[in-house]
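My entries follow the model.

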Amino acid sequence: MTLFLAGCVALVLLSGLFYLRPRAVESSAEDLQQANLEAYRLRQQELAEEGASDLLDDARLRLLEDDESAIGETATAPDVGRFPAWVLLLALAVFSGGVYLQLGAIADVQITSELRGLGDQSSPEQMQSLIRSIESRAASRPQNLHYRALLGRYYMGQQDYPKAAEVYDALSMAAPEDAQALAYAAQAHYLAANRQLDDSARMRAERALAIDPHNRTALGLLGMASYEQAQYRAAVEYWQRLIAVEPPGSEAARMIEGIINQARAKLGEPVPELPEPEVAAVSGAGVSVRVVAPEGAGIAPGDSVFVLARNAESDSRMPIAVQRRSGAELPLELRLDDGSSMAGQKLSEAASVVVVVQVSPSGQPGEVNASWIGQAGPLAPSDAADMVEIVLAPRG
């Protein structure tokens, strides 16, 4: 923003330089006239010494013509020069600034700057102020789909599903061939209707799949809706399509495989035993936790459960280690150690950690996306296998 304002000031000064230039031209004309007069006097003196009266008259005539020419050249400049030029320059700068504020992109520059400045230390008031700015800008520039997508994600994170559905509906209408916008709109309607997938939302999800047969959001949503309507065969079919696009052996693949087996069990079919997850070579200490949901919590089997550890002695909220599980696995036990560390960090090197659990219906990480949360710590990583229990609670 500072660079932008400095650039504007520089342009105004540069334009002022060109604008005020006529005054310099006028000064040059005055100098020329004075030089002619001096030349005439010198020539007059020479002719007087030679006694050439005819030539003297001719010199006078030429001087008169030069004066008239100089007066003619400067005749147009004085009108500008006499008027206080700085007033026109100021008026031009104010007018240009007003036009830019109305038609330019200064609001976009400010929003981008605020988005880049957001961090873990940002206050809720700052976030609210930014969202109001985006809402205002999105209303004045409805063709900017980026703002609509931002607002949709924010409302989903705030669990304001009716608003999210409204935004994603507008987004999908503006970009009818965008499979992800259609899938998000269907998901928002599903969550806004207390996990009921009506015909309109189903049509959006199926249309998303018609555009992109591998859309994860639509496949997961249709599978979950089928499961909750006791249509277990349909749920298995959707989830089998979903697991096909996940990397084999990944946490997401294991999670989907778990809920597929749960649906198969409902159908009375034999459930293959899941192989034990490959455990990375672990060196160093860790923490073991047991995550429990209260009776009747209503956590869906397909909800994502993020279990992460943060350094208890740091202001940073960046996780040191994280694991992703599914709601179908609750209650679950796991161990966070260097095998689940991320971004080159080592949990074993932390003196103490705080373990945080977030249950996300949308599958997006982050506390703002969580419907249930839990926390334990500070805990000192060690080689001991002592289990610390974390009981989930609704996010306030």
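In which hand of crossing, left-handed or right-handed, does helix 9 pass helix 10? I found a left-handed crossing of helix 9 past helix 10 (left-handed: the near helix is turned anticlockwise from the far one by less than a right angle; right-handed: clockwise).

I noted the source. The model is predicted: local features need pLDDT of at least 70, side-chain atom pairs count only at pLDDT 80 or more, and totals for chains, interfaces and linings use all residues. Residues are numbered from 1 along each chain as its sequence is written, and side-chain values use heavy atoms, with hydrogens and water left out.

Next I looked up the two axes. Those of helix 9 (residues 161-174) and helix 10 (residues 179-192) come within 8 Å and cross at roughly 155°. Axes are lines fitted to C-alpha atoms, for helices over the stretch in contact, and angles run from 0 to 180 degrees between N-to-C directions. Helix 9 and helix 10 are therefore roughly antiparallel (over 145 degrees).

Strands pair if DSSP finds at least two bridges between them; helices (H or I, at least four residues) and strands (E, at least two) are DSSP runs, numbered from the N terminus. Eight bridges join strand 2 to strand 5. A309 stands opposite V355 in strand 5.

Conventions:
Angles under 35 degrees count as roughly parallel, over 145 as roughly antiparallel, 65 to 115 as roughly perpendicular and the rest as oblique.
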